[in-house]
Amino acid sequence: MTFGPKTWVVGETVSAASLNQEIRDQFASIFDAWTPYTPTWTASTNPSIGAGTIAGRYLKVGRTCHVEIRQSHSGNTTYGAGGYTWSLPFPSAAGVDYLGVARLVGAAAWNGQTIMTGGASGFNATFPTSATDSRSATLAATVPETLTAASVIRLYITYQTAS
């Protein structure tokens with residue numbers, strides 16, 4: 001797929017192939033279904049999903065990429081140490097930071113945000129540090145609450161890809 005429109009030349013013969021590439025294929029990317037991918041979940045000491053699931057999907061239109069991740073844990077999930085990062089399907093463009101939404105449902109329901117710096121290949125989720133402190137901290141094994149097999153994490157971010 002091209003990222004910019006073709007410059008047509010006076011007298012040029014328009015072919016079916018060029019119309020397909022310049023028009024059909026561009027519109028097809030807008031109406032495509034989401035594509036599944038398996039995000040990598042990391043921290044300074046890496047967690048392990050065990051029998052839980054991490055399911056990601058993305059929709060890329062031109063260089064704009066929408067990403068959604070749903071993560072559920074199991075009895076043998078280990079939570080590692082440090083703030084969590086999830087991988088992206090494509091590296092982000094440099095020079096701009098991106099924000100999205102995050103939700104953690106565990107003992108309580110927490111609304112947060114996803115954040116990514118430009119040129120990154122992964123992103124983080126931040127939540128209030130506690131029920132009484134609205135300052136944000138990166139999601140970790142015990143922030144904003146201790147994660148358990150019942151915890152479910154949902155993440156969403158839209159960003160510009162590097163290519």
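1. Is Trp41 buried or exposed? In this predicted model, Trp41 is buried, with a relative accessible area of 5%. Buried here means under 20% relative accessible area, so a value of 5% qualifies.

2. Trp41 has an aromatic partner. Six aromatic pairs are counted, and one of them joins Trp41 to Tyr84 in an edge-to-face arrangement, at 5.1 Å centre to centre and with 65 degrees between the planes. Because Trp41 belongs to strand S2 (residues 41–42) and Tyr84 to the loop between S4 and strand S5 (85–87), this pair ties together parts that are 43 residues apart in sequence. Tyr84 is also buried, at 0% relative accessibility.

3. Trp86 lies in strand S5 and Phe123 in strand S8, so parts 37 residues apart in sequence are tied together. Both Trp86 and Phe123 are buried. Ring pairs link Trp41, Tyr84, Trp86 and Phe123 into a cluster.

4. The nonpolar core deserves mention next. The largest one has 29 residues, and Tyr84 and Trp86 have the most contacts inside it. The elements that give two or more residues to this core include strand S3 (53–61), strand S8 (122–130) and strand S10 (152–160). The largest share, four residues, comes from S10.

5. Two contacts between a charge and a ring complete the note. Arg57 lies over the face of Trp34, at 4.3 Å from the ring centre. The charged end of Lys60 sits over the ring of Phe90, 4.4 Å from its centre.

How values were computed. Residues numbered from 1 in each chain as written. Predicted model: local features only at pLDDT ≥ 70, side-chain atom pairs only at ≥ 80, totals over all residues. Heavy atoms only, no water. Core = buried A, V, L, I, M, F, W, Y, C linked by side-chain atoms within 4.5 Å. Buried < 20%, exposed > 50% of the residue type's maximum accessible area, 1.4 Å probe, protein only. Phe/Tyr/Trp six-rings, centres within 6.5 Å; stacked < 30°, edge-to-face > 60°. Lys NZ or Arg CZ within 6 Å of the ring centre and 35° of its normal.
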